[in-house]
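Try each exercise yourself before you read its solution.

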Amino acid sequence: MISKEAALVQKALFDRGLETPMLDTGMSPEQKYERLKGLMTEVVATLGLDLSDDSLAETPHRIAKMYVQEIFSGLDYQNFPKITVIDNKMKLDEMVRVSDISLTSTCEHHFITIDGTATVAYLPATKIIGLSKINRIVRFFAQRPQVQERLTQQLLVALQALLETDNVAVSIKATHYCVKSRGVQDVNSSTSTTALGGIFKTNLHTRAEFLR
Ligand SMILES: Nc1nc2c(ncn2[C@@H]2O[C@H](COP(=O)(O)OP(=O)(O)OP(=O)(O)O)[C@@H](O)[C@H]2O)c(=O)[nH]1
Ligand SMILES: [Zn+2]
């Protein structure tokens, strides 16, 4: 069973065509771990590494555990954070902005690191969210294989659904290690993406205040 908030977010992403493309494997997290451990044993051995070496012996186990419980744990809505939203009884209507949220994700094309920061803002309507929950939602969606554009949009739509308002903005600045440590090997470039909703898209001043 997944939480009410997780189901709300999942539906919102699906309806907008923004859900990560997935097929149901029918496997439990434990079954995924066991299967991945076997497959990673094949990968490590195929590279010609000696799995009887004490430093390497546990590597298939470590990778399988890391995939299921850590860096790809956001593929499972059972891991969606517990969300605290409260009614906006104080009638707050000024921008709430959380800047420089650290973000580590994984490029879905190469399965290597994306390293960056996110900034999230919203104009409260009926609901206020616990601040740390914004960081936790960023972390949840970052813990999937991602492209930065989809991650940015997923955060926008998830927060719009939870906060019951279109007036949400997300920006991400990140370094892609698939660009830095391999391929074109550019060590300097970074990628910026923004997703603006409601007034953040339509009102020049609000947009400028967020992007500043
Ligand atoms: N739009 C977008 N592209 C990404 C992201 N992460 C990685 N990529 C790109 O995905 C592309 C995959 O291109 P391919 O030509 O299939 O793969 P490749 O041969 O490994 O490409 P090179 O990285 O150029 O060596 C590359 O241009 C990556 O830089 C992302 O978050 N967003
Ligand atoms: Zn990549």
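This is a predicted model: local features need pLDDT of at least 70, side-chain atom pairs count only at pLDDT 80 or more; totals for chains, interfaces and linings use all residues.

**Exercise 1.** Find the protein donors of the zinc ion (ligand 2) and their spacing along the chain.

Solution. 
- Step 1: look for atoms around the metal.
- Step 2: write out the spacing, which reads C-x2-H-x67-C.
- Step 3: C107 has a relative accessible area of 4%, and since buried means under 20%, C107 counts as buried. H110 comes out at 36%, so H110 is partly exposed.

**Exercise 2.** Work out where the salt bridge between K11 and D15 sits.

Solution. 
- Step 1: get the distance, which is 2.6 Å from N to O.
- Step 2: place the residues. K11 and D15 both belong to helix α1 (residues 4–15) and are four residues apart, about one turn of the helix.
- Step 3: check K11, which is exposed at 53% relative accessibility.

**Exercise 3.** Which parts of the chain does the salt bridge between D87 and K127 tie together?

Solution. 
- Step 1: the N to O distance for D87 and K127 is 2.8 Å.
- Step 2: D87 is in strand β1 (residues 85–87) and K127 is in strand β4 (residues 127–129), so this pair links parts 40 residues apart in sequence.
- Step 3: compare accessibility. D87 is partly exposed at 42%, while K127 is buried at 18%.

Key:
Residues are numbered from 1 along each chain as its sequence is written. Chains are lettered from A and ligands numbered from 1 in the order in which they are written. Side-chain values use heavy atoms; hydrogens and water are left out. Donors are N, O and S atoms within 2.8 Å of the metal (3.2 Å for Na, K and Ca); water is not among the atoms, so sites may look incomplete. Buried means under 20% relative accessible area, exposed over 50%, partly exposed in between (1.4 Å probe, protein chains only). A salt bridge is a side-chain nitrogen of Lys or Arg within 4 Å of a carboxyl oxygen of Asp or Glu. Helices (H or I, at least four residues) and strands (E, at least two) are DSSP runs, numbered from the N terminus.
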